[in-house]
Amino acid sequence: MGTAVLVFRLAARDVRRHAAQAVLLVVAIAAATATLTMGLALNGVTSQSPYLTTRAATKGPDVVGYLTSAAQASSLTHASGVANHSGPFPVASATIHFDGRQADVFAEGRSTSPSAVDQPLLTAGSWVRPGGVVIERTFADALGVSVGDRVSMNGKSYAVAGIAVTAAQSPYPNLCNGTLVAATPAGSNFSNACPSWFNIPFLSLPNGQELASSDEVGQIWATESDATGLTSPANPLTTYAVNLKLTNPADAKAFAYDRFAHTTSATAPLFSTWQGLESEDGKLIQDGQGVLQPGAFLLALLAIASVAVLVGRRLSEYARRVGLLKAVGGTPSVVAATFLAENLMLAVFAAVVGLAAGWLAAPLITKPGAALIGTAGAPPLSFANVVQVIGLAIVVALAATLVPAIRASRGSTVGALNDVGRPPKRRGAFVRLSSRLPIPGLFGLRLVARRPRRSLLSAANVAVTTMGVVTVIAFHAFAENKLAGAVALTGGGLSNPVVNRDEQMLTVVTIMLITLAALNTLFTTWATVLDARHAAALMQALGARSRQISSGLIVTQVLCALPGAILGIPLGLVLFELAVKHGSLPPVTWLAAAAIGVLVAMVALTVVPARLGARQPIAEVLSAEAA
Amino acid sequence: MNENSSGAPIVRARGLRKEYGSGSGLVRAVDEVDLDVAQGEALAIMGPSGCGKSTLLHLLGGLDRPSAGEIWLQGRQIDKLSERGLAQFRRHDVGFVFQAFHLMDELTAQENVELPALLGGRSPREARRRARQLLDQVGLSDRAGHLPSALSGGQRQRVAIARALANDPQIVLADEPTGNLDSAATLEVLRLFEGLHTAGLTLIVVTHDERIAATANRMISMRDGAFVDEMRLTGGTRGNLAGLGA
């Protein structure tokens with residue numbers, strides 16, 4: 001007990017004495033843990049609450065059947081367990097044009113009077129009328145239309161009468177997601193694309209090739225006559241939608257499976273269930289995990305570098321304390337515990353800060369999007385999530401301090417008391433090479449060689465930052481290609497809400513990465529400056545100019561940063577590929593610009609500490625070293 | 001030889017003052033010092049710890065700037081030099097020998113000696129040749145590839161002396177050069193200084209060891225930042241350095 005009190009007291013006093021360092025360490029670890037918390041929180045978040053709110057407000061169906069003929073409807077509407085229905089409604093395919101943008105749409109023919117099941121909720125304007133259509137809100141946002149605008153479909157002009165949300169379909173751009181296409185619950189339950197018999201127009205690409213868009217289709221509602229008026233012999237009406245309300249909504253999946261499994265016809269009905277649609281809507285939110293979890297990984301790596309540099313800078317001070325503890329009878333385990341306690345305490349505190357910040361920030365990224373009404377609310381955090389987050393913080397702290405702690409506990413007491421410190425490394429090849437360089441190069445290269453671990457940490461810092469930047473660039477390239485693909489198919493130019501959301505999150509993670517990397521650069525440079533104080537003063541005593549010394553310190557950082565920036569490019573591409581899985585490579589010039597940009601930023605951040613380091617009073621430093 | 005050489009002094013300081021702090025905490029480490037050192041002279045500055053002798057040496061060598069007063073070396077006023085000018089001055093005109101040696105731990109003896117020559121713009125080959133020559137001169141050619149940690153205190157100080165000579169300075173400034181050495185090593189260092197003096201270099205040595213001071217041409221005593229005594233010597237134990245080893 002006494003030992004625990006001692007360890008705690010020493011750690012607490014040290015934190016108080018070095019408050020600024022403690023704050024930096026907490027910030028570094030909290031950034032990683034907050035990001036992980038947000039990522040984990042998305043596991044538990046579905047858009048259940050917004051979906052259910054929307055479902056209630058729109059008389060949402062339990063099952064939607066997609067039929068190839070209206071005649072198929074009666075067997076469904078009269079089936080056992082069906083309490084109510086609406087439809088069948090004709091679903092015509094068309095190409096919509098607005099303000100230079102165009103996209104594929106499904107136009108569902110509706111009555112001007114409200115439906116008993118699936119009556120979309122207007123968020124603006126009024127319901128369908130002859131010549132006036134209602135556009136699903138996510139699609140309207142992507143297309144950029146408002147109530148009162150005029151759009152053209154298959155060559156005919158229509159007014160935008162209203163904008164609405166529905167619980168009967170997944171929102172743009174994943175309209176057909178949630179449609180049941182597998183025969184068994186164990187199979188692949190939901191499609192990622194519209195069924196082949198959904199009549200999607202074939203579009204000509206510039207190279208003459210014809211492709212069918214099976215994705216990124218928008219939903220509109222029109223009067224039945226307007227919807228059927230969009231058809232033609234070349235674009236026949238092949239789809240009808242029927243919305244079913246069951247006596248027991250929980251039976252929706254079983255109802256759909258039963259009907260799907262007992263048919264072998266290629267034109268048999270396909271189904272969506274409310275559970276499937278809810279799950280698909282949730283994926284819009286959970287998609288952010290693909291950004292946040294790799295982001296948390298990168299931030300954790302940077303946090304390790306931050307802690308390692310902060311701890312490394314004070315190793316000689318720790319060593320003196322270790323010597324004192326040993327001299328008064330501290331065992332190696334007590335010494336190691338003392339060494340670790342401070343950083344572990346700070347890490348756990350940072351984890352709590354990160355958990356709170358992540359939990360509070362999570363609702364910002366769990367907004368359900370324009371497709372639904374209501375909010376997802378505060379995400380649940382399970383005990384396992386909390387353990388994972390605290391575990392990450394402890395791993396970060398241990399990764400940076402365990403080895404120094406063990407080394408300190410095993411080291412010589414006299415050596416620690418005398419503050420001998422670790423002698424700098426000698427790298428003969430570097431020394432010989434550096435003697436051929438101008439003075440800044442000579443000094444810089446020798447500094448790199450004398451503290452190889454710090455140089456590695458510095459390189460790792462740049463590599464992780466470059467990884468993050470390259471990932472962002474790769475994602476932007478992917479998004480552009482994706483949108484360019486839409487242009488090729490539909491002449492589109494529409495924004496993609498899923499991609500937009502990912503890009504926003506990626507930008508936030510990248511800003512955190514860059515901020516942490518900038519802090520790390522400042523830590524590392526300052527640690528280098530402090531470590532080089534004696535060498536720099538001596539060089540100046542021998543005739544080196546202060547500018548040569550500051551340039552040498554900058555060269556040190558550049559020499560470390562250069563391999564990091566180069567290595568960060570492939571690592572970033574690998575990370576992106578792992579996260580996105582079907583990405584496309586960004587142009588080489590973008591990647592080179594990213595690496596150069598990171599290098600320039602690192603150099604810029606190094607200038608001030610390097611100049612300050614070179615302006616030290618020579619006589620004072622040399623006298624202090626001699627004392 | 002060469003003591004009291006005719007002509008202008010190689011080092012001249014007038015009204016030299018160095019202050020630290022302000023108000024009631026003001027400390028005058030060097031207080032209105034006037035000093036002339038002739039070409040080829042060996043000057044010892046003595047005094048207790050904290051009397052300002054090392055500060056004076058730092059001012060004379062351009063490692064620090066005076067609060068007031070003027071310093072002239074070889075007819076050039078150095079207290080008005082820019083940082084760049086001071087760096088050039090330290091590089092070519094003076095050589096320092098410190099009590100704590102101040103060798104780079106990760107460089108071999110030869111590489112330490114090469115350093116000022118490389119700073120002075122000599123080619124690596126020329127710097128290496130000069131370093132070998134100097135190490136030979138201080139009797140350490142067989143230790144050229146050793147790291148400082150593998151050398152004795154005396155050997156380290158001899159490396160430091162060789163380094164101080166790398167750019168052929170006119171003046172060598174030594175701050176307690178034997179303070180960390182045993183008697184045998186002290187003797188080795190003094191013999192080297194004797195050789196430098198004989199070769200015509202101007203030596204200014206700060207020490208609190210009277211035996212070391214006795215080898216100079218002139219000895220100045222300092223107290224509280226000011227000169228309190230000056231004594232011309234006849235060469236003291238020079239020529240009989242072996243007696244110091246006792």
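Q: In strand β7 of chain A, which residue is the bridge partner of A:Gly125?

A: Two strands count as paired if DSSP finds at least two bridges between them; helices (H or I, at least four residues) and strands (E, at least two) are DSSP runs, numbered from the N terminus. In β7(A), the residue that bridges to A:Gly125 is A:Gly162. This is a predicted model, in which local features need pLDDT of at least 70 and side-chain atom pairs count only at pLDDT 80 or more, while totals for chains, interfaces and linings use all residues. Residues are numbered from 1 along each chain as its sequence is written, and chains are lettered from A and ligands numbered from 1 in the order in which they are written.

Q: Which strands pair with β7(A), and in which sense, parallel or antiparallel?

A: Strand β4 (residues 121-125) of chain A is joined to β7(A) by four bridges and runs antiparallel to it. β5(A) runs parallel to β7(A), with five bridges, and A:Val133 has A:Val160 as its bridge partner there. Strand β6 (residues 150-153) of chain A is antiparallel to β7(A) over four bridges, with A:Met153 opposite A:Lys156.

Q: How many residues lie between β6(A) and β7(A) in their hairpin?

A: Two residues separate the strands of this hairpin, and A:Asn154 in the turn has a positive phi of about 45°.

Q: How many residues of β7(A) are buried?

A: A residue is buried if 20 or more other C-beta atoms, placed from the backbone, lie within 10 Å of its own, exposed if 12 or fewer, and partly exposed in between. Strand β7 (residues 156-165) of chain A is mostly covered, with seven of its 10 residues buried. Across the 627 residues of chain A, 53% are buried; chain A has 21 helices and 13 strands.

Q: Why is strand β8 of chain B largely enclosed by the rest of the structure?

A: Strand β8 (residues 202-207) of chain B is largely enclosed because six of its six residues are buried. In a regular strand the side chains alternate between the two faces of the sheet. From β8(B), B:Thr202, B:Ile204 and B:Val206 point one way and B:Leu203, B:Val205 and B:Thr207 the other, and all are buried.

Q: Which strands pair with β8(B)?

A: Strand β3 (residues 42-46) of chain B runs parallel to β8(B) over five bridges. B:Leu43 has B:Ile204 as its bridge partner, and B:Ile45 stands opposite B:Val206. Strand β7 (residues 171-175) of chain B is also parallel to β8(B), with five bridges, and B:Val172 faces B:Leu203. From β7(B) the chain passes through helix α6 (residues 183-198) of chain B to β8(B) in a right-handed β-α-β crossover. Right-handed means that, with the strands pointing away from the viewer, the path from the first strand over the helix to the second runs clockwise.

Q: What is the strand order of the six-stranded sheet in chain B?

A: The sheet is open, with the order β6-β7-β8-β3-β9-β10 (chain B) and mixed pairing. β6 (94-97) and β10 (226-232) of chain B are the edge strands, each pairing on one side only. Overall, chain B comes to seven helices and 10 strands, and buried residues make up 50% of its 246 residues.

Q: How many residues of chain A are in contact with chain B?

A: Two residues are in contact if their C-beta atoms, placed from the backbone, lie within 7 Å. By that rule, 26 residues of chain A are in contact with 29 residues of chain B. On the chain A side, α15 (439-450), α18 (533-541) and α21 (618-626) are the elements that give two or more residues, and α21(A) gives the most, six residues.
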